Amino acid sequence: MSQKKIIALTAAVSMLIFAGCSSSKEAAESTDAAESYSASETAADTSAETETEAAAQTESETEETTAETSAETEAKPTEGLSAEEAYSAKNGASWTDALMKAANSWDKGNIVFKCTAWEGGEIVTSIEMSVYNNKLYMDTQIPGLMSMTLIVDGKQGYLIDPPSKTYAIDTETEYSADNEVESVVDTTADYTGFSEDGIENIDGTDYIFEKFTEDDSEVIFYYSPDGKLQKLGTQGEIADLTIDLLDSPDESCFEIPDDYTEISMEDMSMKMMAGLFSAMEEASDGE
């Protein structure tokens with residue numbers, strides 16, 4: 001994989017993983033999907049039973065009871081099944097839609113995204129991002145080329161350079177976690193329908209995939225039989241990708257270490273440009 005492809009993959013993955021973090025008024029799905037990432041037929045059945053039992057109540061009371069029951073019902077498990085069995089049990093449901101909606105409505109703790117691109121057994125790009133309420137942490141690493149961290153705490157943005165233990169405060173830009181998401185991807189993307197799904201073997205392991213196609217772009221999500229997202233395919237490349245929903249907040253990643261020194265945005269920009277030029281030169285040398 002050339003450095004140019006690595007940089008393109010990094011940008012593409014950044015946009016995709018941001019999509020799971022923004023708040024969505026349409027995300028009124030049960031939080032059980034957040035834990036299994038699979039379509040919950042059981043939840044739907046239980047909701048229907050609840051409505052029958054609550055027929056004597058008012059319409060608003062019935063809807064409230066149904067929503068609470070659906071949120072507490074555990075999704076039909078696929079743990080222990082083979083890829084073929086899990087795919088059959090999936091029965092055409094979109095695990096990606098369930099995952100994204102669960103992430104959008106998650107309010108218990110952080111949503112943690114980890115994405116890693118490999119080449120020849122070595123990490124060529126890694127991205128880790130954590131979101132909680134209006135706070136965002138994003139760390140991007142291209143070994144030997146770039147190491148940069150962005151922290152958004154409310155409206156304040158901090159650019160951090162871990163190797164030099166320095167940081168800069170961006171006083172010119174008003175940040176918010178939601179705005180950062182909206183600036184890079186359409187968070188209203190519809191994941192209810194995929195163009196293709198099935199089973200694909202990658203390096204000796206069977207994954208259940210869902211392929212989404214729009215215009216000339218194509219994105220493939222790969223899941224283990226238990227419904228856990230494992231990989232992401234885009235632009236002909238496949239990277240490891242996991243999304244974890246934490247049960248309680250961990251705000252330590254949004255804090256700047258005490259031993260870091262503040263520098264000006266001008267100096268930080270020079271560091272960033274130097275890294276960019278280095279990456280461009282490496283990409284040209286690799287062609």
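Eight salt bridges are present in the structure, a salt bridge being a side-chain nitrogen of Lys or Arg within 4 Å of a carboxyl oxygen of Asp or Glu. This is a predicted model, in which local features need pLDDT of at least 70 and side-chain atom pairs count only at pLDDT 80 or more, while totals for chains, interfaces and linings use all residues. Residues are numbered from 1 along each chain as its sequence is written, and side-chain values use heavy atoms, with hydrogens and water left out.

**Salt bridges**

- K90 and D197 meet through their side chains at 3.0 Å, N to O. K90 is in helix α5 (residues 83-90) and D197 in strand β7 (residues 196-202), 107 residues apart; helices (H or I, at least four residues) and strands (E, at least two) are DSSP runs numbered from the N terminus.
- Both K90 and D197 are buried; buried means under 20% relative accessible area, exposed over 50%, and partly exposed in between (1.4 Å probe, protein chains only).
- A network of salt bridges links K90, D197 and E210.
- K165 and D259 form a salt bridge at 3.0 Å, N to O. The two lie 94 residues apart, K165 in the loop between β5 (156-161) and β6 (166-170) and D259 in the loop between β11 and β12.
- K165 has a relative accessible area of 39% and is therefore partly exposed; D259, with 47%, is also partly exposed.
- In the salt bridge of D244 with K228, the closest N and O atoms are 2.4 Å apart. D244 lies in strand β11 and K228 in the loop between β9 (217-223) and β10 (229-234), so the pair ties together parts 16 residues apart in sequence.
- D244 is partly exposed, with a relative accessible area of 28%, whereas K228 counts as buried at 19%.

**Nonpolar cores**

- The largest nonpolar core has 39 residues, and I111, L136, F221, L229, I243 and L245 have the most contacts inside it. Such a core is a set of buried Ala, Val, Leu, Ile, Met, Phe, Trp, Tyr and Cys residues joined through side-chain atoms within 4.5 Å.
- Helix α6 (residues 95-104) gives the largest share of this core, five residues.
- Nine of the 10 residues of α6 are buried, so the helix is largely enclosed by the rest of the structure. Among the buried residues of α6 are W95, D97 and N104.
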